[in-house]
Amino acid sequence: MDDTTKTQKEVGQKYRDNLGYFKRPGFLHREKFYLCILAILLGVYCIRHIESTRSDKVYNPAPLSISHANLEGNCAACHTLASRNIFRSIEGISVDDLLGPNHGTGSVRAAFFSSSVSINHACQSCHTGMDLHQPTSQTVALKAFHSELHIVEANGCFNCHQEHLGRVDLKQPPGDSACAACHNDASQMASDVIRVALTGNTSNKAFDGITSDGIAHFIPPERKGPLPLFAAFERGHPPFEYEQPGLKNPEVLTFSHKQHLSLPGVKLNCADCHKPAADGIFYQRVTYQASCQRCHTLQFDPANPQLLIPHGSVARLGSFLHSLAYQYEALYQSMQAAQNRVASPDEQKAFAIQQLTALQQRAQVQSPEDLEREILFTADPYKDRPPTMVRPYFSGCAYCHQVTQPAGGGDAVVTPPVMAERWLAHGAFTHAKHVTMSCVQCHAAAESRQASDIMMPAQASCIACHRTGGTAPSNCLACHSFHSPQSVVKAVKAMWPLPQMQQTASCPAMGPLAGFLISEQHPKE
């Protein structure tokens, strides 16, 4: 009778006189135990026997990537311990060697393949000059303006470029999780960054720094303390450096975008002054000659609009005004020549005296020195002078520029404008990929009244497009490159010698791929 059809009472009757049944071993119980012990011993014997033969045939790895396909079966090319007895090979290796000083409490298996004692050495033997993650070429170019430089070694190649996943393209960029593994881990960030002291800026104010290529960079105050942690661009990424509270553009030029975009009877737009460069990445430098002169012509004599005050040099201005009589004579001579007449010297001199006298009356000056002072320091003639017919017909240098007179005398000093052309020191940006957007979507020019306003877009505004499911990519490599360029690696190691990473003797035989791997191109910044 099937036990499942019995009642509990009937089943209990079966074991009434056999309450110690669970203490008796079942069928082949002891034999099973000895068989397990024998299986373990046989397994240990097989492992020791295979290791003693130093053969890699015991391993059954998945195929290598496209780039490393010709290394198929040559385990020792990357796994430097694979062809040795594994028990002897780990003797003398510390926990830090196995786990890596930057791997915290990660698994031994993961560290074994990515630490500085294994695969990373093999990678570096072929892929030379790729052993730094930071700094970038731009941060090295700006080293004169900072008090410290951050250097980060590119440890653990296998963390991003994982092998044995089949015939895949290993050069495909990894996902953001690979970046977040460090950038969202406080202990990892603290241990990875090597801080090198510099002799540059320690100011708490922003300024414009000009690099050797003549490019003006906006240099914000340096942020001290631990580096910010974040998981992705849309999840915790810190604001851009120029977004620090209360920060101002150090530009001293007097200029209002709002005023220029709302002139009565004149319709100006951004493209009238801001022209893209040939590559479309950045914009051309705004200059007086290209953008301002057509409206601000620097005419100072309404009777002779052909004469213009020279722009850009106080010395040239003084020379021009002291030779004003000659300028008028030359002007009269050219005017007469246009009418096919030849002006006599007496006519030229009489014209010059007449024009100089009229100019002195209008400007209320007695000498070229007085006129030079008026031109330099008159900010707005319609405000600085009473509304009479004798007011000057020109705005002075101080209308747009900061003009000061040295305490000890001498020529006045006009502070030259230095307009920042680069605002991001750690990420790449190109206008060419944003041509479908209007300028005011990112730059609040219509509300800017001063040149000291920072009209650069906030990081939060970028997330509107650069986010998961957005219209633009949001992955880290869209704006950042991981490896420092080879030129930067050489420069950094020359200036700040770092402990050299242990290298394998030489690159394994790479066949037809050797030239490709050793000469592969780094991302350009």
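Predicted model: local features only at pLDDT ≥ 70, side-chain atom pairs only at ≥ 80, totals over all residues.

Me: OK, how many bridges join β2 to β3, and which way do the two run?
Reply: There are 4 bridges between β2, residues 148-153, and β3, and the two strands run antiparallel.

Me: And what's the order of the strands in that sheet?
Reply: The order is β1-β2-β3, in an open sheet of 3 strands with antiparallel pairing. β1 (132-134) and β3 (194-197) are at the edges with a single partner strand each, so one side of each has no neighbour in the sheet. On average, neighbouring strands are turned by 35 degrees against each other, direction ignored.

Me: Nice. Switching to helices: which residues of α13 are buried?
Reply: In α13, which covers residues 314-322, the buried ones are V314, L317, G318, F320 and L321. They span an arc of only 165 degrees around the axis, which puts them on the same side of α13.

Me: What covers them?
Reply: The cover over the buried residues of α13 includes α14 (324-338), α16 (368-377) and β7 (413-414).

Me: How about α6, how many of its residues are buried?
Reply: In α6 (residues 119-126), 7 of the 8 residues are buried, so the helix is largely enclosed by the rest of the structure. Those residues are I119, N120, H121, A122, Q124, S125 and C126.

Me: Now the charges. How many salt bridges are there?
Reply: The count comes to 9 salt bridges. One of them joins R167 and E72, with the closest N and O atoms 3.0 Å apart. R167 is in the loop between α8 (157-160) and α9 (176-183), while E72 is in the loop between α2 (29-53) and α3 (86-89), so the pair ties together parts that are 95 residues apart in sequence.

Me: What does K493 pair with?
Reply: K493 forms a salt bridge with D131, and their closest N and O atoms are 2.4 Å apart. This pair links distant parts of the chain, with K493 in helix α19 (residues 486-495) and D131 in the loop between α6 and β1, 362 residues apart.

Me: And how accessible are those two?
Reply: K493 is partly exposed, with 26% relative accessibility. D131 has 5%, so it counts as buried.

Me: One more pair: how far apart are the closest N and O atoms of R341 and E347?
Reply: They are 4.0 Å apart, and R341 and E347 form a salt bridge. R341 counts as partly exposed at 37% relative accessibility, and E347 does too, at 30%.

Me: Last topic, D208. Where is it?
Reply: D208 belongs to strand β4, residues 207-210.

Me: Then which residues does D208 touch?
Reply: Leaving aside residues up to four places away in sequence, D208 touches H217, F218, N249, P250, V418 and A420.

Me: Great, thanks!

Technical notes
Residues numbered from 1 in each chain as written. Heavy atoms only, no water. Contact = heavy atoms within 4.5 Å. Pairing = 2+ DSSP bridges. Axes fitted to C-alpha atoms, helices over the stretch in contact; angles between N-to-C directions. Buried < 20%, exposed > 50% of the residue type's maximum accessible area, 1.4 Å probe, protein only. Arc of directions from axis to C-beta. Salt bridge = Lys/Arg side-chain N within 4 Å of Asp/Glu carboxyl O.
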